[in-house]
Amino acid sequence: MTTTDTHCPYCALQCGMRLAPGAAGEPPRITGREEFPVNRGALCGKGQSAAALLAPAARLTEPLVRDAAGGLRPATWSEALDRTAEAMRRAAETYGPDAAGVFGGGGLTNEKAYLLGKFARVALGSAAIDYNGRFCMSSAAAASRAAFGLDRGLPFPLADIPRTGCVILVGSNPAETMPPAVRHLRELRENGGTLIVVDPRRTRTAELADLHLQPLPGTDLALALGLLHLVVADGHVDEEFVAARTTGFEAARATAMAHWPERVEALTGVPVPAQREAVRLFTARPHGMVLTARGPEQQSKGTATVGAWIDLCLATGRAGRPYSGYGCLTGQGNGQGGREHGQKADQLPGYRSLEDPADRAAVAAVWGVDPGHLPRSGTSAYELLDRAGRPGGVRTLLVMGSNPVVSAPDAGHVTRRLQTLDHLVVCDFVLSETARLADVVLPVAQWAEETGTLTNLEGRVLLRRAALAPPPGVRTDLHVLHALAARLGHPHGFPEDAEEVFTELRRATAGAPADYAGISYDRLTGEPGLHWPCPDPGHPGTPRLFLDRFAHPDGRARFAAPTHRPCAEEPDSAYPTRLTTGRTVHHYQSGAQTRRVAALTAADPGPYVELHPELADTLGAGDGDLLLVTSRRGAATAPARLTKAIRPDTVFMPFHWPGEGRANSLTHAALDPVSRMPEFKVCAVRVEKAPPAGEARP
Ligand code: SF4
């Protein structure tokens, strides 16, 4: 291998790193790149240790197929691909084209996301495609589209944060999920700005804040309405901005006025003085930002909740101006690009719509097919999994870049649905929990072994170049799509070469909302990326959106004016405690990668239940005692971790682990009506001390 400038394989920050040959027998060395403006040389432990999984010993290096005895045995690529193509063909012939489907991931490169969408619609002719990004930020995307006419995680670079006046961080814990981003928050405070953190837990990020608001999980919509109430009541509405650049404020004002401070305190638990202090800090200086993450988004009212926080920005004139605005801190490595290029059930590349005749015609022309032959919109990720194996659902499923057995809501149910499939094929570089269920497992290359582009949370398109060859026996995801398409009668149109795919993606997105037409591998080489939209090769890219106008046809932003409503499952006498879930600093998503890195598992070896000492007292539980957590969907056991950082009415579990400690055995798949995002962030549970080994559970 040669020393290569690249980017981290994990989260949406896409920290710049340099990969260099390691000493004999050692993995490649990783160092942070000072010149990349997002992380400026800093890396978290996940990024620093990312090379550990490149060694062949840590991964799959040959295809596996299920044998007659029910086990997985090694196979040739030809056998594995033939079996999969035959299963896809058989499903389509027997049950119709939508019986063969694909399930993608928010970590896939733009090229893979694009080709996966084309594979589903053209090679399979199937509407059955969605991806795990639906679980991740789709409520923020839906709310942004409704408010601004366009969804891009951050409409400004992260480096703008130190230059604003106040940041409200809602349901986000970057000190653990993306530590290098915290320097921007520190610099904000060094510049005299303030930080407000809204989180049911006093997280490491909350420790840094000037003000921490600790609402009951699932009530941050009410909190946003309460803050807007105070903005109106105290005369902080930017009437000029509202009149010139927005529509719908009167409805938002009316809704907010029904959420007076005492009512909001009763709903959220946030004291009235703290609400007032938040509004004072947010309006004290002329600029401000609200940044949300999974807390407000992963709710059955996630779109409405994010809409309420956007309304706060619009009412105070903190949007569409330099150093002000609303943004979503996207989670997965290509969480942004992965949601732009056709993996979503209703979407074509460049944020085009499958239901728009002009969009269908534009993409069909690039793909060389009749627009009438493109399927219509399919169902969302959870619905696709929930219907697997049922009449009208998929019978054969290709999973690429995802591990839903650990990461899906109500994961026990999802696992059972996957087990009913006629054929499950999983592309992965390790034998993930989902791969263990598969009929065919295809060993694929990793980030450092293949070239591709990713779009980070700022809408910055980056080129990640291959630094070394994959181990013998391993092929790329693009090869898999190429080879399957050929077997399904499409020998052309599915290139294996990433740059060739990207060139086609540029044409397919030309003139679309997420316009990549002017971005090329040549322009990305040696540069810190280009922000879309970038419509032609001479265009400098667009780091800041909405400064002149919002993306709706009339140029105005829309108030959402939502009303508060309860969670899909409120606590009751049988399940009296709220569960909320999230990530830890040492692990990433389902943990399929990070649980295999010795340094990370040593630092963070397993699941736990975080609870307040007051709640522990009522259970008679001490620190480290094994707890049994039960919901209406399943049960999980994990040791207690006592902390006063969490509300006494709430417990927290990280979701990185499978098995007995799987947090998603408990979570609720109630879906947001707009984004179809599940309510990962809150459900009702019963917590008790686990019975001693050998004794039956109650
Ligand atoms: Fe990688 Fe994210 Fe850590 Fe940066 S913050 S090193 S992108 S995991």
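Which residues of H12 are buried? I noted this at the head of the page and turned to the predicted model for the answer. In H12, the buried residues are Val272, Ala274, Gln275, Ala278, Val279, Leu281, Phe282 and Thr283.

**Entry 1: helix H12.** I next checked the length of helix H12, which runs over residues 272-284. Its 13 residues should span 18 Å at 1.5 Å a residue, and the end C-alpha atoms are 18 Å apart, so expectation and model agree. I kept a general point beside this entry: an α-helix has 3.6 residues a turn, so residues three or four places apart point the same way.

**Entry 2: helix H8.** I made the corresponding check on helix H8, residues 220-233. H8 has 14 residues and reaches 20 Å from its first C-alpha to its last, close to the 20 Å expected at 1.5 Å a residue. I recorded H8 as mostly covered, with 13 of its 14 residues buried. Glycine 235 follows H8 and has a positive phi, near 80°.

Entry 3: I consulted the UniProt record, an unreviewed entry, which annotates residues 1-58 as "domain: 4Fe-4S Mo/W bis-MGD-type". In the model, the end C-alpha atoms of residues 1-58 lie 19 Å apart. I noted a content of 7% helix and 22% strand for the span.

**Entry 4: sheet E1-E2-E3.** I traced an open sheet of three strands in the order E1-E2-E3, with antiparallel pairing. Its edge strands are E1 (4-7) and E3 (29-32), each of which pairs on one side only. The twist averages 35° from one strand to the next. I then looked at the pairing of E1 with E2 (residues 16-20), which is antiparallel and extends over four bridges. Threonine 4 stands opposite leucine 19 in E2.

Entry 5: I found glutamine 14 in the loop between E1 and E2. Its phi is near 55°, a positive value in a residue other than glycine. For context, most residues other than glycine have a negative phi. Is glutamine 14 buried or exposed? Glutamine 14 has a relative accessible area of 1%, and it is therefore buried, the cut-off being under 20%.

I listed the residues that surround the ligand: Cys8, Tyr10, Cys11, Leu13, Gln14, Cys15, Leu43, Cys44, Lys46, Gly47, Met178 and Pro180. By class, the shell divides into nine nonpolar residues, two polar and one charged.

**Entry 6: glutamine 589.** I looked up a further glutamine with a positive phi, glutamine 589, where the angle is about 45°. Glutamine 589 is placed in the loop between strand E23 (577-582) and helix H22 (598-603). Its relative accessibility is 16%, so I counted glutamine 589 as buried.

Entry 7: I traced another open sheet of three strands, in the order E19-E20-E21 and with antiparallel pairing. The edge strands are E19 (452-455) and E21, each pairing on one side only. E19 and E20 (residues 460-464) pair in the antiparallel sense over four bridges. Leucine 454 stands opposite leucine 462 in E20.

Beyond E21 (530-531), I examined the loop between that strand and E22 (557-558), where proline 533 has its place. Tryptophan 532 and proline 533 are joined by a cis peptide bond, with omega about 0°.

Key:
Residues numbered from 1 in each chain as written. Predicted model: local features only at pLDDT ≥ 70, side-chain atom pairs only at ≥ 80, totals over all residues. Heavy atoms only, no water. Helix = DSSP H or I, 4+ residues; strand = E, 2+ residues; numbered from the N terminus. Expected span 1.5 Å × (residues − 1). Buried < 20%, exposed > 50% of the residue type's maximum accessible area, 1.4 Å probe, protein only. UniProt positions renumbered as here; feature names shortened; annotations may be inferred. Pairing = 2+ DSSP bridges. Axes fitted to C-alpha atoms, helices over the stretch in contact; angles between N-to-C directions. Near = heavy atom within 4 Å. Nonpolar A, V, L, I, M, F, W, Y, C, P; charged D, E, K, R; others polar.
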